[in-house]
Amino acid sequence: NTARVAVLASFSELVKGNNGDGAAGLSKKHWELFHDIQLTERCLRRSGGEHDFGEVAGTPAGDAQKTDTVSVPHGIARAVDPPPPPEECPASDHLEWALTLSEAVCGVTHKAWSPRAVAEACATNTGIERCLEMSPDEQAAHLIHGPAKAFALSGGGLAPETQTASSTRSWLRGLRDSAYAVTALLAIHAPASFYASDAVASSVSRAVHCDLAHARDRHARALLHTVVRPILGRCPAAHRQRWHAALTTGLVPHMHERLAAAWDRGRKNSQNDENPFASDMDGEDLSFAAAALAGGGAAAVAELVADRVTRDLTRDHCAFLELLAAPEGTFGRKTKGSGLTGHLRHLSGNSTSQDGSQSQNETVSPFEKLAHGGGRHVLGWMAA
């Protein structure tokens with residue numbers, strides 16, 4: 001239950017380590033919860049087979065008309081409109097308890113970064129508070145090849161952490177990621193029951209907004225990328241008002257404030273950078289050298305990672321805003337070599353012959369081609 005999950009996620013319990021019956025720095029009960037939420041995620045992934053109702057919404061399997069339906073590129077969510085009946089969705093029977101588990105896990109993992117929890121972790125004097133920061137390997141994953149990445153992979157200038165701190169980081173991340181996945185998978189495999197329910201919308205809203213103000217930018221980006229955007233992208237038109245009220249009303253102003261603060265920090269950091277070797281360096285290497293001179297290698301890596309996370313979060317938020325403005329999707333920009341190019345050409349009625357020459361109906365100006373790449377309907381909506 002929720003109380004049991006909250007007790008296990010408290011630092012007073014986590015700091016006990018193996019506790020006599022555990023392994024790898026955490027107790028047996030901690031690993032049981034870890035595997036329970038992961039098993040729930042794996043079962044939901046298989047509850048509907050490999051079929052995503054959003055990819056062929058409204059088209060029965062095996063229908064001859066399926067080949068005539070405009071295909072949506074793989075990985076891009078499309079509204080499930082209309083959703084299949086609940087009796088065709090085995091996951092519908094598990095919606096209530098799976099969401100209850102997901103909400104409880106989201107609540108306790110989000111609270112781990114609250115000021116009260118951070119103070120509790122520091123008060124143990126065991127170094128477990130290191131679990132709240134990225135590991136050197138996680139930092140390196142955000143960096144390009146160069147001295148900064150090499151420095152992070154070598155340990156990031158930090159003292160070795162305890163096994164309990166390392167396992168607690170993996171435990172919290174695993175719980176959070178699986179809880180996010182469970183929520184998104186329920187929207188995929190039980191869309192009729194999921195989107196039509198006010199109780200479900202309230203549960204997802206509580207999970208998303210719980211201690212959101214204390215979340216790190218990387219956590220906010222994961223939430224936006226793996227939960228909010230997929231759920232709203234698949235939402236049937238009839239239920240969008242319910243889900244916008246649940247997810248966007250509080251999230252949009254919060255994200256605007258978060259990004260404004262993040263870019264302001266980045267601007268101040270860049271103004272303070274002074275590097276005597278600027279003529280011999282560029283890009284990330286230059287930033288790393290400048291920050292290293294000012295505050296040491298660990299601070300330099302943290303600053304570079306924060307900048308990269310800010311940029312990633314900004315892209316996801318812009319995609320989120322695009323989803324609000326054009327819920328049917330723009331399917332990305334038209335670029336040479338892109339996998340979306342053929343799809344966009346198909347939507348516009350253009351085609352290319354076998355010898356590479358374009359058909360006569362491709363008689364648009366360069367400006368119109370650019371407008372199409374950004375989505376003509378979006379430009380029309382903005383001009384209206």
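**Aromatic rings and a helix pair**

Tutor: Phe194, Tyr195 and Trp243 form one aromatic cluster. Keep in mind that this is a predicted model.

Student: How many aromatic pairs does a search of the whole structure find?

Tutor: The search finds four. One of them joins Phe194 and Tyr195, with 5.2 Å from centre to centre and 80° between the planes, which is edge-to-face.

Student: And Tyr195 with Trp243, what kind of pair is that?

Tutor: Edge-to-face, because the planes of Tyr195 and Trp243 are at 75°, over the cut-off of 60. Their ring centres are 5.7 Å apart.

Student: What parts does that pair tie together?

Tutor: Tyr195 is in helix H9 (residues 191-195) and Trp243 is in helix H12 (residues 240-272), so the pair links parts 48 residues apart in sequence.

Student: Is Phe194 buried or exposed?

Tutor: Phe194 is buried, at 0% relative accessibility. Tyr195 is buried too, also with a relative accessible area of 0%, and Trp243 is buried as well.

Student: New topic. At what angle do H3 and H8 pack?

Tutor: Helix H3 (residues 28-47) and helix H8 (residues 163-189) pack at about 25°, and their axes are 9 Å apart. That angle is under 35 degrees, so H3 counts as roughly parallel to H8.

Student: Is the crossing of H3 and H8 left-handed or right-handed?

Tutor: Left-handed. The residues in contact include Trp31, Phe34 and Ile37 of H3, and Trp171, Leu175 and Val182 of H8.

Student: How do the residues of that contact divide?

Tutor: Into twelve nonpolar, nine polar and two charged.

Definitions and conventions. Residues are numbered from 1 along each chain as its sequence is written. This is a predicted model: local features need pLDDT of at least 70, side-chain atom pairs count only at pLDDT 80 or more; totals for chains, interfaces and linings use all residues. Side-chain values use heavy atoms; hydrogens and water are left out. Axes are lines fitted to C-alpha atoms, for helices over the stretch in contact, and angles run from 0 to 180 degrees between N-to-C directions. Helices (H or I, at least four residues) and strands (E, at least two) are DSSP runs, numbered from the N terminus. Angles under 35 degrees count as roughly parallel, over 145 as roughly antiparallel, 65 to 115 as roughly perpendicular and the rest as oblique. A crossing is left-handed if the near helix is turned anticlockwise from the far one by less than a right angle, and right-handed if clockwise. Contact means heavy atoms within 4.5 Å. Ala, Val, Leu, Ile, Met, Phe, Trp, Tyr, Cys and Pro count as nonpolar, Asp, Glu, Lys and Arg as charged, and the others, Gly among them, as polar. Rings of Phe, Tyr and Trp (its six-membered ring) pair if their centres lie within 6.5 Å; planes under 30 degrees apart count as stacked, over 60 as edge-to-face and the rest as tilted. Buried means under 20% relative accessible area, exposed over 50%, partly exposed in between (1.4 Å probe, protein chains only).
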